[in-house]
Amino acid sequence: MEKYDETQMDAALEKLLKCATEPSVPEGAEARLMLAIQSVEQRLNVVPFRPHPRIQSWTIGLPLAAALALGVYLGSKDTFDAYLPEAITDGMADMSDSMPSTGLDDAESYAEGDVT
Amino acid sequence: MLLASARRDAAAFAELVSRYYKPVYRMVWRMMNGNAETEDVAQEAFVKLWQNPAQIREAKALKGWLMRVASNLAIDRLRRKPHADIDAIAEVADPRQVTGAELEEQAVTARVNQAIASLPERQKLAVTLVYFEGMSNISAASVMDISVDAIESLLTRGKRALRESLAEDWRGLLDELSSKAG
């Protein structure tokens, strides 16, 4: 075997492989396959697209805009407090500082030279 | 045809079957060493195509896809039944009772079949696709989902293994081949 080079060995091997059995398809195999597929359901890879019922954007936007406008209007009027429970309005009144804060009193502690 | 098959057109699918069944069957037969389940496996590959034709995006990829699916199914089947009947090849190959020179020829065929059957499955698939199905290294690599370098390596190892298995008969086989050619 040593006298053969790689190319000759390959050529010989290819010749040898040609001696291998050539399988033949059994008679009726394709017909049996066609019968088999008739009993198999075909699956679709694509999920059918069902569009959602179209909602007009203004049917949502309009009430929201109206509610916002009403909120702003009522909020700008003091009379709105009359519509709220007293528990809230009284609490808010207590929280309010009678002395207006100018920020000047606090400024001293932040003054340069008093940082220690 | 692929599109028509996707629309459950049995006639179009039959056309695909007539075009690709033989190479798929041959490849599976070699992978399964002539096992009687070859037809089942080949059929299963086509049934998978019928069930879900949308998996193939390009018609030219169809043969490669079928080969890949069928070879994977064959390998799975072999792994489940590791002692697949390699010896059955001679029986399948040579159902006739013959004598004389034909017997000698059959002996060569049996030895070559046996050598192929003894290859590891990936080497066998590479050899089958390239040498028996005439696929290019690139197409075979695509079927096996590996690089071209990897398939070349498998082919080299496969050929080396075949030479080793046939080493005892090498000279005799070459003589027989040369006498046949002469």
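**Two helix pairs**

Let me begin within chain B, where helix H7, covering residues 121–132, packs against helix H8, covering residues 137–144, at an angle of about 140° and with the two axes 9 Å apart. Please keep in mind throughout that this is a predicted model. Angles over 145 degrees would count as roughly antiparallel and those from 65 to 115 as roughly perpendicular, and H7(B) and H8(B) are therefore described as oblique to each other. The crossing in which H7(B) passes H8(B) is right-handed.

Which residues of these helices meet? On the side of H7(B) we find B:Leu125, B:Ala126, B:Leu129 and B:Val130, and they meet B:Asn137, B:Ala140, B:Val143 and B:Met144 of H8(B). Seven of the residues in this contact are nonpolar and one is polar, while none is charged.

Now to a pair that joins the chains: helix H2 of chain A, residues 29–38, packs against helix H3 of chain B, residues 38–51, at an angle of about 45°, with 10 Å between their axes. H2(A) and H3(B) are therefore oblique to each other, and H2(A) passes H3(B) in a right-handed crossing. From H2(A), the residues making the contact are A:Ala29, A:Leu33, A:Ala36 and A:Ile37, whereas H3(B) contributes B:Glu39, B:Gln43, B:Phe46, B:Val47 and B:Trp50.

Methods
Residues are numbered from 1 along each chain as its sequence is written. Chains are lettered from A and ligands numbered from 1 in the order in which they are written. This is a predicted model: local features need pLDDT of at least 70, side-chain atom pairs count only at pLDDT 80 or more; totals for chains, interfaces and linings use all residues. Axes are lines fitted to C-alpha atoms, for helices over the stretch in contact, and angles run from 0 to 180 degrees between N-to-C directions. Helices (H or I, at least four residues) and strands (E, at least two) are DSSP runs, numbered from the N terminus. Angles under 35 degrees count as roughly parallel, over 145 as roughly antiparallel, 65 to 115 as roughly perpendicular and the rest as oblique. A crossing is left-handed if the near helix is turned anticlockwise from the far one by less than a right angle, and right-handed if clockwise. Two residues are in contact if their C-beta atoms, placed from the backbone, lie within 7 Å. Ala, Val, Leu, Ile, Met, Phe, Trp, Tyr, Cys and Pro count as nonpolar, Asp, Glu, Lys and Arg as charged, and the others, Gly among them, as polar.
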